[in-house]
Amino acid sequence: MSRILNEEQLIDVIWGATLMGGGGGGAMVGGTDLLSTYKKLHPEKPVELTLIESGEMAPGAYAAVPAGMGAPTVLKNVDFSQYAVNAFNALKDMAAKMDPPRKLEYCIPVELGGFNTFCPMLISLLEGIPFVDCDGAGRAVPALDTLLLHVNGLDTSPLAMADGKDNKVMIKLKDPKDAPMGEEIGRWICTAFGQIAGLSGWMVTKSEIEGSLPCGTVSLCEKIGRELRKCAAEGGDVFGNLAAAGVDCKFLAKGKVAKCENLQQKGFDYGKVYVSADDGEWIIYFQNENLLITHDGKPVMTVPDITCYYDAATGMPLTNADIYEGMEIVLGAIKAPDAWWKNPNMFDIWKPFLTNVGYEGGNIPFAK
């Protein structure tokens, strides 16, 4: 059933989506800052978003994905609202000129993350467009070809990109499913726009969402965020409480960040986070998002399952752009949505990214 999310519930979603982002998807402050900017610039508009289930979508109508593209460390410091609006409007223009024309009536998030989940919510708030309770990955991912939208066979193209000045680029791929080419083109445009761009695409119908994407993930983020915020205020075992509430997750360790490495290149953040805990050394390897976690040199879990963390002092969920040496953090693992295993060749998509961080082994899934 459709329901209205108020400001407090939207903040819960931002907190939960940041944890589910697994180190990427944009910093939590990116989402909360967008919300604050919306309130400041539109005091006449209520902070209310209509969240619908996929089954409530009208026949023949399309949902589209407004998102941000770029290095998280750059996205963290920019007012992104105009980038998002410019890219979404550019895609609407493209959709209206298709044969037959398409009408974009809904928004969905490209992935889960403090910034990238709230970015399309901003469009829904500004334009009054219903928001569908799903997303394109069930976590955050480093590239267009690692989205479930691509992994499970949905079209990437047409795409639209824009910067904050309304410089726009329309992308129409010869093969609409050629996400690697979309990624290659998009990364160069993103670099030209100063390592940050608004991006819209992936027009999908009700049947495509229900057949290929994880549904209910926005509500899941709200649930996780509510527990995070409660524990931040009152204390408590976040991962234990979430597991008791039915979330497939587990506590890994509490420790201090001994070292963090982060290099920005071609629109990505690459690096490692070294955590010293009572039970040994944990190392998280990332390309924007966490890809692999090891314990005392032994790999213990890979993508698509989610390695995540929050600040032990504040209880706030963290991205890799937020981590600094000396910070005390709590490490956890969350099982990725079942939609990841609909494609038996799913892990092949991740192999080049894992190779980038020096891992050549197979998939190591979440295990309780």
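User: Is Cys-215 buried, partly exposed or exposed?

Analyst: This is a predicted model, in which local features need pLDDT of at least 70, side-chain atom pairs count only at pLDDT 80 or more, and totals for chains, interfaces and linings use all residues. Residues are numbered from 1 along each chain as its sequence is written, and side-chain values use heavy atoms, with hydrogens and water left out. Buried means under 20% relative accessible area, exposed over 50%, and partly exposed in between (1.4 Å probe, protein chains only). Cys-215 has a relative accessible area of 39%, so this residue is partly exposed.

User: How many disulfides are there?

Analyst: A disulfide is a pair of cysteine sulfur atoms within 2.5 Å. The sulfur of Cys-215 lies 5.5 Å from the closest cysteine sulfur, in Cys-134, which is too far for a bond. By this rule the number of disulfides is zero.

User: With which residue does Glu-222 form a salt bridge, the closest N and O atoms being 3.8 Å apart?

Analyst: A salt bridge is a side-chain nitrogen of Lys or Arg within 4 Å of a carboxyl oxygen of Asp or Glu. Glu-222 is buried, at 5% relative accessible area. The partner at 3.8 Å is Arg-226.

User: Which residue meets Lys-351 in a salt bridge?

Analyst: Lys-351 is partly exposed at 41% relative accessibility. The N to O distance is 3.3 Å, and the partner is Asp-348.
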